[in-house]
Amino acid sequence: MASGSWEEFFAVHLPPTDFEDNRSLLKEFCERHDKHGNRIALVTSGGTTVPLEHNTVRFVDNFSAGTRGSASAEYFLEHGYAVIFMHRQKTLEPYTRHFSGQKLLDMLELNERGPNTTITVKPDSVDVLAPVLARYKAAHAAGALLHVAFTTVSEYFWLLRAACECLARLGPRALLYLAAAVSDFYIPKDRVPTHKMQSESGAPVIQLQLVPKMLAPLVSLWVPSAYVVSFKLETDENLLVPKARSALEKYKHKMVVANLLQTRHHRVVLVKPDASQEILLTREDVHAGVDIEASIVNEIVRLHTAHLGGPSAPAAR
Ligand code: PAZ
């Protein structure tokens, strides 16, 4: 099963309808933060889909809740980075991730007094809500967080390349943290039916093709000076570090964060050209709600700072 080239992929797949709007937002964001000498982290998050029909009813999905990406984006902001949060539509987002489901509504009290009805935060929820709200407000007041969303694998690649083109001006101050779970397979556009597949036609035979490896042009052409960190998800421990190391040797970027599906929230291995480093949360850490992303981002920021050879990141303005 051969893959086409990345150039062919972009030639065949048209940009998404809101692409120009997103490109303008990315351009403005990168120019503004570049002017202030800030660092920018591009954090990708969530899984991509591969539609089985152009008018899509069904699709193949890649597993990811967006936990890693949304938490990491918050920690990069805390370290003074401006953050482009490139995420799968409807997956977890920075700050609101703390109150998913009914959590937020359960924190509120409704005081029904006709036209003078008010809503207040329950006293015992203030301590939970206030620090998150304060960080959310600070990030937005500083214009330090930009959200751009994708759904399909082709939308993801169009946005990724556009973000890279805008980030290139920052040189080594740009950091790419590619935590999204991106499909390795897709169906070439000319083999995707327009309308919903009908069961009367019998069981469909679907042949997937390999997606070109975009990390190759990304590292060597699109952002050659950026600090690039990719992620590797496996389910077999025996493949985890060897596959991460082989990706690092092939693409020659700075780090692969290797994780197993089953243990990803409490164990990762940072695979670097010269060494590997395990980050492991204890049972108590997990119980106390410690995010493993705090340690992952800490270490990456430390290495990025050393790579820049300068002082720590300034607060993004
Ligand atoms: O979003 P999440 O916290 O549920 O999962 C995160 C993850 C496992 C998708 C991420 O850590 C990762 O490994 N991303 C790369 C996946 C890949 O190899 O395609």
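## Helix α3 and its neighbours

The buried residues of α3 pack against β1 (40-45), β4 (82-88), α5 (123-141), β7 (145-150), β8 (174-178) and α10 (292-308). The model described here is predicted. Helix α3 is mostly covered, with 10 of its 12 residues buried. Those buried residues are R68, G69, S70, A71, S72, A73, E74, Y75, F76 and L77.

Helix α3 lies across β1, β4, β7 and β8, and runs at about 165 degrees to β1.

## Length and end of the helix

Helix α3 covers residues 67-78. At 1.5 Å a residue, its 12 residues should span 16 Å, and the end C-alpha atoms are 17 Å apart, which agrees. After α3 comes G80, which has a positive phi, near 90 degrees.

## The sheet

Which strands make up the open sheet, and in what order? The sheet has 8 strands in the order β7-β4-β1-β8-β11-β12-β13-β14, and the pairing is mixed. Strands β7 and β14 (276-280) stand at the edges, each with a single partner strand, so one side of each has no neighbour in the sheet. On average, neighbouring strands of this sheet are turned by 15 degrees against each other, direction ignored.

Within the sheet, β11 pairs with strand β12 (residues 255-260) in the parallel sense, over 6 bridges. Residue L233 stands opposite N259 in β12.

## Around the ligand

How many residues surround the ligand? There are 13, and the closest are S64, T67, R68, F231 and L233. R68 is also one of the buried residues of α3, and L233 is the residue opposite N259 in β12.

Helix α3 and β11 (227-234) each supply at least two residues of the shell around the ligand. The largest share, 3 residues, comes from β11. By type, the residues of the shell divide into 6 nonpolar, 4 polar and 3 charged.

## A hairpin

Strand β5 (residues 108-111) and strand β6 (residues 118-121) pair in the antiparallel sense over 4 bridges. The bridge partner of L110 is I119, in β6. The two strands, β5 and β6, form a hairpin with 6 residues between them. In the turn, G114 has a positive phi of about 55 degrees.

Notes. Residues numbered from 1 in each chain as written. Predicted model: local features only at pLDDT ≥ 70, side-chain atom pairs only at ≥ 80, totals over all residues. Expected span 1.5 Å × (residues − 1). Buried ≥ 20, exposed ≤ 12 C-beta atoms within 10 Å, placed from the backbone. Contact = placed C-beta atoms within 7 Å. Near = placed C-beta within 6 Å. Nonpolar A, V, L, I, M, F, W, Y, C, P; charged D, E, K, R; others polar. Pairing = 2+ DSSP bridges. Axes fitted to C-alpha atoms, helices over the stretch in contact; angles between N-to-C directions.
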